[in-house]
Amino acid sequence: AALVIGLVPSILMTIALLRWADLDPYRRSRFGRYIRRFMTRRVEAARFAGLVPLWGGAWAHSPPLTLLGVAWIVACWLSGLRRRPSDPPAV
């Protein structure tokens, strides 16, 4: 049940946003350019893997484990800041 509650609403919202929202202003923004350049499939997979300690910590009522998951996900979002713009994108 927790997996359904954790995944289904985000999937439905993603579908709705992609179908009906005007995302062009975001795409042209500085943040949109950052995402296009550095949010590779590998980083997306790592971000998704961060849900394991996050949800495991929530399940076990373990704040350190939950914070590890949050830190992992945030680190994935910020991973592009470590690379110089001249570096080739990660594969």
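Guide: What follows covers the pocket, then an aromatic pair, then a helix contact.

This is a predicted model, in which local features need pLDDT of at least 70, side-chain atom pairs count only at pLDDT 80 or more, and totals for chains, interfaces and linings use all residues. Residues are numbered from 1 along each chain as its sequence is written, and side-chain values use heavy atoms, without hydrogens and water.

The largest pocket has a volume of about 240 Å³. A pocket here is an open set of points on a 1 Å grid over the protein atoms alone, where a 1.4 Å probe fits, with protein on both sides within 12 Å along at least five of seven lines; lining residues have an atom within 4 Å of a point. The volume is the space filled by probe spheres set on the points, which are joined across faces, edges and corners.

Its lining includes Tyr26, Phe31, Arg47 and Trp77. Helix H3 (30-38) is among the elements that give two or more residues, and H3 gives the most, with four. Helices are DSSP runs of H or I, at least four residues, numbered from the N terminus.

Phe31 of the lining also has its ring centre 6.4 Å from that of Tyr34, with the planes at 25 degrees, so the pair is stacked (centres within 6.5 Å, planes under 30 degrees apart). Both residues lie in H3, three residues apart, about one turn of the helix.

Arg47 of the lining belongs to the contact of H4 with H5, as do Phe48 and Ala49 of H4 and Leu51, Val52 and Pro53 of H5 (contact means heavy atoms within 4.5 Å). The axes of H4 (residues 41-49) and H5 (residues 51-59) come within 5 Å and cross at roughly 10 degrees; the two helices are therefore roughly parallel (under 35 degrees).

Key: Axes fitted to C-alpha atoms, helices over the stretch in contact; angles between N-to-C directions. Parallel < 35°, antiparallel > 145°, perpendicular 65-115°, else oblique. Phe/Tyr/Trp six-rings, centres within 6.5 Å; stacked < 30°, edge-to-face > 60°.
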